[in-house]
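Here's a quick briefing to read with the model open beside you. Let's start with how the pieces are named, then go through them topic by topic.

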Amino acid sequence: MQSFIDVVLNKEQNIEGANLIFIVPSRRAGNTLRKKVAVRASKTSFAPQIFSIEEFISHITGLKSASNVDLIFNLYESYTEVVEKEKLVPFQTFCGWAQSILSDFNEVDRFLLDQKEVFNHLKDVKELSEHWSSSTNEIVVNYIDFWNNLLKIYTVFCEKSLRTDAVHQGYIYRQAVEVIEHYISSSLEIRHVFLGFNALNTAEQQIIQAILASGNSEIYWDTEKSFVKNPYHETNLFIKKYKKDWAYYSTKDFSWSFDNYSIPKVINTYACSQDILQAKTLGSILESIPQKSLSSTAIVLGDEALLLPVLNALPTHIHKVNITMGIPIGKTPTASFFDQLLSLKKNPQKSGYYFKEVLKILRNPITQSLLGDTATVLQEEIITKNLIYVSLEDILTKVKPTDLQITKTLFLDWDNQPKSAVTNCLNIIQELRTSYDESKDALQVEYLYGFYVAFNKLKTLMDDRDHITDVATFILFYRDIISSETIDLKGDPDEGLQIMGVLESRVLDYEHVILTSVNEGILPSGKSQNSYIPYDLKKLYDLPTYSEKDAVYAYHFYHLLHRARTADLLYTTHSTGLGSSEQSRFIRQIEEEGIHTIHKYTVTPASQPATITAQKIEKTPEVITKLSRLFKKGISPSALTTYLRNPVVFYERYILGIDNSDEVEETVAANTMGTIVHNTLEELYKPHIGIVLTEDILKNLIKGIEPEVRNQFKLEYGLTHIQEGKNKIIYAVICRYVHNYLKREISLLKKGDVVIIQAVEDDLRDIPLTDTVSLRGKVDLVEQRNGNLNIVDYKTGKVAQTDLNLKSYEDLLLPEGKFEKAFQVLMYAYMLNKKKPLSFPVSAGIISFKNLQSGFLAFKYNKNQEITAETLLEFEAVLKRLVKEILDPSIPFTER
């Protein structure tokens, strides 16, 4: 089947190229046309000129449209000239409106509307509500005043744009209409051929009709007979209108319609659960396509954000790919680095940068390529010192002399000066380039060049204009620039696999089309619009609304199917927020038509049924060696109870040395809180060891709670953030815990208790269990109360009496540490007895600060809380069994 371009060239093959101009909808179509013209050439001759429609309009007028950023600056300057100074909004605020205003200016001009009439009408719409027009609120008054001045702003904007050679595209279109007769009279020998157009604005229609009326030109439509004849089919909505309204067709036949769509095709639809799954499915489809068929295959991206995932999913046998759309630099890994850098520098505090932002930068692979091991050292410094805010001085103290300059460059404070920001970013790019040149990473150098261009554009703008006055505005324009910057990729439009966006597919035909993101809201795009002109006004002035946009997408969708033999349509089904992804109505439409064979597939991620098996880690000789050293040095109750809860966690923590506390504590963690409580009580009680406690002693201790808690905070956490957020609450909770505990002790003394503190935080070490196993641990409190010895363990978490009630000593070894609290207090009693024989019976238990009303929660065996020599012998047997199991090479660490 011939492509549309081939059909047109057959018609135009006898025309001399020097006197021929082709006008096509897009540059990609022009490149393909140029290639086909060259292939057909049988002798040396002048090639015809080929323009995209935008290039042709510029060719007529001699004007070129300015960049979006230049237009925003011109628009703001025009706004400041027209609106009274006291009513002006800051530049950053204005930028939020500017894009929509420019879009409306373009639309008004491209459709040749009377600017005065439209803007006055728009002003009236804004004033329509009595509330708006009668309000004295300053914001409302300024809002209405802006719309009153919109025509003046537009006029000044156009004048200023002409003076600076930075006009908007709509202005060029309006000028083209004004000079078209002059252009025609100077180009009488030139034949103009328009091909593949669909939705034309008013300016384009008038220009094309004027050229067609000159008699030496032609327009070729790519339409389908069945769609043109169907009054309800939206695909050729515009072309049917031109056929009816254009004077050209009052004397000419409308003959350019084909009957390709009615030829049966194989259409496959793929429902994918995720966006990334579309890319993987596409890769699987390509695996089955022979190498020789790739040149006639096109991947059309409904959502161009899928480009990088699609490139990563391409099969290895595909060597030639043509991508004229380029890779947006905002989607590259380098973009994430600069996003993190801008986030770090945007809102610095007097005390330094927020630690999370600093850690993000330090963990970025690009930073690590610059700083090497220094990045790891700095991370450890921040975590070890628990720095919430990190100053430049904190960073530089740990940096090697060789890395000092680049570290200063990376963490330089911009002081809210945008010129410092852009210079600093360019310096970082220069350092990165040196690093990548050394590693010969060509792709990263290409990415980096894109950002070099973007930041240089910003630098030029700031040199020429003075509106970017702070870092926030600098970031706004940086993001606007990188959204349009791409890294151009080289490829042959006639060889290999073709990848393009929907708009680039205009005029082009392929035998096999793979179209992604065929979802509502993408194809078609839905009701979203970037305009201040309301729907009613758009209808009044025949401006395109979402209905016309739907018809545009319908044309593009069906055009892809016209000459295709096979089409694969991929869409997603995942839920997004309050809505959900739904297949496009276009898929439902072709299903209802019943012309083609449609195969439906539901794609789910390739996965195997999860078989949950307990992790087992064998005890190698190296592990046994480490265990022997650990037990020789001394094993603690907490280590043994960790094993009871989960042997694998014991292995990770005590054999591998994996520490979970590898992050900064922004808020005091539970274990730090417990340490502060323990240490506070130790310091309060220490001067009173060996004496009988009195009410006066305890009342004096209460007075010293806050200073001591503050001191312990300083030692364990630091005082920098003690009065901020949750830390302030935690500080108060710790003070309350200790206060309530001492108040309870006072009430017990009043009831007749006699208490003597025997020891606080008694550090027990080198307690022998066997010749090769030692025990160690720290007993929080040993007290003599009413003649009985109590061994006390403090817990800031909640503990209940049931956690300490034992019916069988075998229960101490139950998995998941069900009786770990009982195990701990018995082990403390056992170690104290080993250190110095106790006078039995004694008691051992827990004071739970979250269950303080329950008092001393004593270990009980069959409801008896007395611990005797026999009790400790029973415990010793259980303890030795546990130690033997841990040291047994034949018993692996098995996850529980």
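Helices (H or I, at least four residues) and strands (E, at least two) are DSSP runs, numbered from the N terminus. This is a predicted model, with local features needing pLDDT of at least 70 and side-chain atom pairs counting only at pLDDT 80 or more, while totals for chains, interfaces and linings use all residues. Residues are numbered from 1 along each chain as its sequence is written, and side-chain values use heavy atoms, with hydrogens and water left out.

- Aspartate 6 sits in helix 1 (residues 4–12).
- With 17% relative accessibility, aspartate 6 counts as buried (buried means under 20% relative accessible area, exposed over 50%, partly exposed in between, using a 1.4 Å probe and protein chains only).
- Leaving aside residues up to four places away in sequence, aspartate 6 touches Lys36 and Arg40; contact here means heavy atoms within 4.5 Å.
- Arginine 465 is in the loop between helix 23 (442–464) and helix 24 (471–484), and its 16% relative accessibility makes it count as buried.
- Which residues does arginine 465 touch, not counting residues up to four places away in sequence? They are Asp70, Phe73, Asn74 and Glu77.
- The side chain of arginine 465 makes polar contacts with the side chains of asparagine 74, at 3.1 Å, and glutamate 77, at 3.0 Å.
- A polar contact is a pair of N or O atoms within 3.5 Å; within protein, one must be able to donate a hydrogen and the other to accept it, and residues adjacent in sequence count only if both atoms are side-chain atoms.

**Helix pairs**

- Two packed helices are described by the angle between their axes and the distance between the axes.
- Axes are lines fitted to C-alpha atoms, for helices over the stretch in contact, and angles run from 0 to 180 degrees between N-to-C directions.
- Helix 5 (residues 91–110) and helix 10 (residues 169–185) cross at roughly 10°, and their axes come within 7 Å.
- That makes helix 5 roughly parallel to helix 10; angles under 35 degrees count as roughly parallel, over 145 as roughly antiparallel, 65 to 115 as roughly perpendicular and the rest as oblique.
- On the helix 5 side, the contact uses Asn106, Val108, Asp109 and Arg110, and helix 10 brings Gln169, Gly170, Tyr171, Tyr173 and Arg174.
- The residues in this contact of helix 5 with helix 10 split into three nonpolar, three polar and three charged.
- For these classes, Ala, Val, Leu, Ile, Met, Phe, Trp, Tyr, Cys and Pro count as nonpolar, Asp, Glu, Lys and Arg as charged, and the others, Gly among them, as polar.
- Helix 28 (residues 621–633) and helix 36 (residues 869–887) pack at about 150°, with axes 10 Å apart, so the two are roughly antiparallel to each other.
- Helix 28 supplies Ile624, Leu627, Ser628 and Phe631 to that contact, and helix 36 supplies Val883, Ile886 and Leu887.
- By class, the contact of helix 28 with helix 36 has six nonpolar residues, one polar and no charged ones.

**Cores and a covered helix**

- The largest nonpolar core has 168 residues, and Leu195, Trp221, Phe455 and Phe474 touch the most other members.
- A nonpolar core is a set of buried Ala, Val, Leu, Ile, Met, Phe, Trp, Tyr and Cys residues joined through side-chain atoms within 4.5 Å.
- Not counting residues up to four places away in sequence, the contacts of phenylalanine 474 include Leu342, Trp414, Phe455 and Met462.
- There's also a second, separate core of 57 residues, which includes Ile624, Ile655, Leu806 and Ile846.
- Helix 29 (residues 637–645) is mostly covered, with seven of its nine residues buried.
- Those buried residues of helix 29 pack against several elements, including helix 28, helix 30 (647–655) and helix 36.

**Backbone details**

- Leucine 523 and proline 524 are joined by a cis peptide bond, with omega about 0°.
- Another cis peptide bond joins phenylalanine 840 and proline 841, with omega about -5°.
- Valine 507 has a phi near 80°, a positive value in a residue other than glycine, and at 3% relative accessibility valine 507 counts as buried.
- Asparagine 862 isn't a glycine either, yet has a positive phi of about 50°; at 47% relative accessibility, asparagine 862 counts as partly exposed.
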